[in-house]
Amino acid sequence: MASIPCTFQLSARAASPSQRAGGLRAPPRLGWFGNKDAEGAGIYGSQGRDDFDRDDVEQYFNYMGMLAVEGTYDKMEALLNQDIHPVDILLMLAASEGDKPKIEELLRAGAKYDVKDVDGRTALDRASDDTRDFILGFAKTLA
């Protein structure tokens with residue numbers, strides 16, 4: 001078997017002043033492939049509350065990699081079996097993930113952020129402080 005010689009050259013670049021001062025930081029988590037808002041993600045709120053169903057919940061669960069983390073559909077099935085509307089379940093999941101474009105889409109479609117799961121937790125309870133503020137602020141713009 002013949003081999004082909006191969007070399008790798010690694011180079012080090014000097015850090016910029018801002019990198020040296022504050023260190024490297026991870027970019028903020030953005031939903032829908034790097035878009036910062038629903039409009040940028042091509043979501044304009046054209047769907048209504050009843051346009052969402054169980055399949056949408058499962059697709060989002062898979063899309064966000066929640067199955068890989070959870071290892072099972074048990075939590076998703078538990079939510080679906082509680083007689084909670086799928087759009088409200090999606091909002092709970094999106095709030096947990098901090099997926100602001102999806103949150104915008106769901107709130108425009110009529111999702112309710114105060115619906116409780118079996119543990120008494122709402123989308124707001126599942127959200128980080130930043131995401132909770134986003135939900136409440138965006139909901140005000142819709143009122």
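Guide: Contact, or touching, means heavy atoms within 4.5 Å. Tyr 73, for example, touches Glu 58, Phe 61, Asn 62 and Leu 67, not counting residues up to four places away in sequence. The model is predicted, so local features need pLDDT of at least 70 and side-chain atom pairs count only at pLDDT 80 or more, while totals for chains, interfaces and linings use all residues. Residues are numbered from 1 along each chain as its sequence is written, and side-chain values use heavy atoms, with hydrogens and water left out.

Visitor: Where does Tyr 73 lie, and how far apart in space are Tyr 73 and Asn 62?

Guide: Tyr 73 is in the loop between H4 and H5. Its C-alpha is 9.5 Å from that of Asn 62, and the two are eleven residues apart in sequence.

Visitor: Which elements make up the protein chain?

Guide: Helices (H or I, at least four residues) and strands (E, at least two) are DSSP runs, numbered from the N terminus. The protein chain has nine helices and zero strands. Among its contacts between residues at least 6 apart in sequence, 66% join residues at least 24 apart.

Visitor: How many of the residues of H6 are buried?

Guide: Buried means under 20% relative accessible area, exposed over 50%, and partly exposed in between, with a 1.4 Å probe and protein chains only. Of the 143 residues of the protein chain, 31% count as buried. H6 is mostly covered, with ten of its twelve residues buried. What covers these buried residues includes H3, H4, H5, H7, H8 and H9. H6 reaches 17 Å from its first C-alpha to its last, close to the 16 Å expected at 1.5 Å a residue; the expected span is 1.5 Å times one less than the number of residues.

Visitor: Is Asp 88 buried or exposed?

Guide: Asp 88, which has its place in helix H6, is buried because its relative accessible area is 2%. Leaving out residues up to four places away in sequence, Asp 88 touches Arg 49, Ala 111, Lys 112 and Val 115.

Visitor: Which residues of the largest nonpolar core touch the most other members?

Guide: In soluble globular proteins, nonpolar side chains tend to be buried together. A nonpolar core is a set of buried Ala, Val, Leu, Ile, Met, Phe, Trp, Tyr and Cys residues joined through side-chain atoms within 4.5 Å. Of the 29 residues in the largest one, Val 57, Tyr 60, Ile 89, Leu 91, Leu 93, Leu 106 and Ile 135 touch the most other members. H6 gives the most to this core, with eight residues. Setting aside neighbours within four places in sequence, Ile 135 is in contact with Ala 95, Ile 103, Leu 107, Tyr 113, Leu 124 and Ala 127.
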